[in-house]
Amino acid sequence: MYLTWLDSNSWLLEIGNQRVLIDPWLVGSLTFSNLDWLFTGSKSQERPIPENIDLILLSQGLEDHAHPPTLKQLDHKIQVVGSPGAAKVVQELDYTAVTSLTHGESFTLNNQLEITAFPGSPIGPTLVENGYLLKELATGLTLYYEPHGYHSPQVKQVAAVDVIITPIVDVALPLLGPIIKGTNSALEVAKSLQPQVMLPTAAGGDVMFEGLLMKILQVKGSVEEFRSLLEKNNLKTQVIDPTPGDRFELRLEKHKTLPTRG
């Protein structure tokens, strides 16, 4: 398995001889409903569009997961799997191979990779977006991805997972509560799924955020604090803090993980 963190929630995953682009924001700025005075994200450098993508996987329909400027630049013939909200975004951009997954549904990519949707982040009072369990069929290697730290009890019933990508830093709004559930949520899912490796997402990277919202957001936690918390709870999970744009290999053998840069 090879992984490349592309800032924010964006990842390139190479697993089962398939190249999966997850929640890509690679070009342009990030705003919500064109409210740049409220929130704007910008990159110190744009990421090149990866080549030979087999699948685009979208967890949510919001702009920080289904980023229209990036999606407009990607080949519209690439297979897309997403939540119903994300599927609607790419369909409106005239993508030609789109699969919408509701919770509990699965999709198999080229007989190599099985993707199952689980309940993820709540968006408003009625909408719950997707988290995903990806399984390499030849080896049984598994990866779980949920970018806001909302881990359904359904996921906790899954057998041990090899790799988890999820936030480990809390981000909250005063009075309204968490936008991203980090430390405690990540600890609980680590206890349940016993991953060999966890990788933080959503926070950090080569990204700058501005706007009114940034003045009131409350951020708490760090990679170092989370590693200490795992140790205190006698969990042997390794936390890898990736460098944006740096491709690295995970070799998972007999519950030992050897990350190799390259």
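A residue counts as buried when its relative accessible area is under 20%, as exposed when over 50%, and as partly exposed in between (1.4 Å probe, protein chains only). With that in hand, 7 of the 10 residues of strand 10 (residues 127-136) are buried, so this strand is largely enclosed by the rest of the structure. The model is predicted, so local features need pLDDT of at least 70 and side-chain atom pairs count only at pLDDT 80 or more, while totals for chains, interfaces and linings use all residues. Residues are numbered from 1 along each chain as its sequence is written, and side-chain values use heavy atoms, leaving out hydrogens and water.

**Strand 10 and its partners**

- Strands are DSSP runs (E, at least two residues), numbered from the N terminus, and two of them pair if DSSP finds at least two bridges between them.
- Strand 9 (residues 113-123) pairs with strand 10 in the antiparallel sense over 9 bridges, and Ile123 stands opposite Leu127.
- These two strands form a hairpin with 3 residues between them, where Gly124 in the turn has a positive phi of about 80 degrees.
- Strand 11 (residues 142-145) is also an antiparallel partner of strand 10, over 4 bridges, with Leu134 opposite Leu143.
- The hairpin of strand 10 and strand 11 has 5 residues between the strands, and Gly140 takes a positive phi near 85 degrees.

**Nonpolar cores**

- A nonpolar core is a set of buried Ala, Val, Leu, Ile, Met, Phe, Trp, Tyr and Cys residues joined through side-chain atoms within 4.5 Å.
- The largest one has 29 residues, and Leu3 and Leu143 are among the members that touch the most others.
- Apart from this core lies another of 19 residues, including Ile164 and Ala190.
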